[in-house]
Amino acid sequence: MFGLEELSAGTSSAAPARSGPLVGPSFRDSPAARRMLSVREIHAEPAAAASPRGQEILARFPGARVIDVDSHWRVPDLHGNEGNLERWVRVKSEVLVLGEKKALTTRPNGRSADWIAPGAANGCAMACAYCYVPRRKGYANPITVFTNIEQIIAHLGRHVARQGHKPEPNQCDETAWVYDIGENNDCSVDALVCENTADLVRAFSRWPTAKASFATKFVNPDLLLLDPRGRTRVRFSVMPPQDSRLLDIRTSPVEQRIAAAADFLEAGYEVHFNLSPVVVRPGWEEDWGQLLRHMDDVLPTAVKEQAAAEVIMLTHNKDLHELNLAWHPRAEEVLWRPDLQQAKRSENGSLNVRYRNLDKAAAVDSVRRLVASNAPWLRIRYAF
Ligand code: SF4
């Protein structure tokens, strides 16, 4: 099995600390990108493989073995919880699934975004210990790319047009309807595979009443080559590096995400931060204070002037807890806190846990105080 440090450091050269523009030759062909994603096997619905986007992806990974599948939802031996981290990481970095998004629905949200867009992908090549994304397909859930991107964008265009102008400001945005385009995926990593993320950024750049938004834990300098014209909000997720090294497996180090903010702003993105997940453990407030002071020290004024943050307290899950105990029990020492957490049965029958109401409210207050005293420029859009 890989050591955790090795896995966390897997992308440590993904982007340099800010010492000049990140833009250079295509990042996705770099050794750092190949450490994240080196595709050897592609499970593809035949129609997805035959589509123009599918053909582009197959051409991009010419050495990959292509295996026909009936449905991207049912890939025997690929989805599921069996095995250990080494196997999951191999699956996540060496396997892709191509499918077509059948149900094109945009759902209301109202917290982080006004709307949740139909994703252009699901699954992830990273392996955060608290991640909820694999719950439906199983832990070794590699990236599934949806190849019918024109249909997804056409659906979004119609939805945007139907809304017209936003009538009044809300916590999502002052003037634009905000669409989350990365609910079950990380768009920055997806951009290593194909142009879906770029196509979405380009589409939103043409829609003056709307804005795309996605959270990310990966710094992909190729996104700096796009021209988002302020219509895409990148939300870099941050947490104290001590937590991140333990929990954010295969991601770009937190310091890199913060260091990339100025370049993304300069490239035309709006740059926000997700303070998430906030994990309550001994010493957490000191470490969050230090992280916020670091942000205050290194971020330029231009980033601070437009930044806002979401604060998201940890939610966890009993099945994930039991799974993590098998490969990463140290993570569970901080994630699984029955003394602080309460359980709630979700619609699909699994048991989710979150901090008890009073403990959570106290922790949210602490985060607000820490932000006010260490990074007072950071407006909190919402906290839950
Ligand atoms: S980066 Fe996001 S989607 Fe990927 S494993 Fe981590 S939490 Fe899950």
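Me: How many of the residues of strand β9 are buried?
Reply: This is a predicted model, in which local features need pLDDT of at least 70 and side-chain atom pairs count only at pLDDT 80 or more, while totals for chains, interfaces and linings use all residues. Residues are numbered from 1 along each chain as its sequence is written. Helices (H or I, at least four residues) and strands (E, at least two) are DSSP runs, numbered from the N terminus, and a residue is buried if 20 or more other C-beta atoms lie within 10 Å of its own, exposed if 12 or fewer, and partly exposed in between, with C-beta atoms placed from the backbone. Strand β9 (residues 210-216) is largely enclosed by the rest of the structure, because the buried residues number 7 of the 7.

Me: Which residues of β9 are buried on each of the two faces?
Reply: In a regular strand the side chains alternate between the two faces of the sheet. Both faces of β9 are covered, with Ala210, Ala212, Phe214 and Thr216 buried on one side and, on the other, Lys211, Ser213 and Ala215.

Me: Which residue of β10 stands opposite Thr216?
Reply: Two strands pair if DSSP finds at least two bridges between them. β9 pairs in the parallel sense with strand β8 (residues 177-180) over 4 bridges, and Trp177 stands opposite Ala210 there. β9 is also joined to β10 by 5 bridges, and these two strands run parallel. In β10, the residue opposite Thr216 is Phe236.

Me: Is Arg206 buried or exposed?
Reply: Arg206 lies in the loop between α8 (196-205) and β9. Because Arg206 has 11 C-beta neighbours inside 10 Å, it counts as exposed.

Me: Which strands stand at the edges of the open sheet of 5 strands?
Reply: The sheet has the order β2-β1-β3-β7-β6, with mixed pairing. Two of these strands each have a single partner strand, so one side of each is left without a neighbour in the sheet, and they are β2 (65-68) and β6 (121-122).

Me: Against which elements do the buried residues of α11 pack?
Reply: Trp284, Trp288, Leu291, Leu292 and Met295 are buried in α11. Seen down the axis, the buried residues fall within an arc of 95 degrees (taken over the directions from the helix axis to the C-beta atoms), so they line one face of the helix. Counting residues as in contact if their C-beta atoms, placed from the backbone, lie within 7 Å, the elements they pack against are β10 (232-238), α10 (254-266) and α15 (357-374).

Me: Which residues of α15 are exposed on the other side from the buried ones?
Reply: In α15, the buried residues are Lys360, Ala363, Val367, Leu370 and Val371. They cover an arc of only 95 degrees around the axis, which puts them on the same side of α15. On the other side, the exposed residues are Asn357, Leu358, Ala362, Asp365, Arg369, Ala372 and Ser373.

Me: Which residues are around the ligand?
Reply: A residue counts as near a molecule or strand if its C-beta atom, placed from the backbone, lies within 6 Å of it. The residues around the ligand are Cys124, Met126, Ala127, Cys128, Cys131, Val133, Asp186, Lys217 and Thr251.

Key
Contact = placed C-beta atoms within 7 Å.
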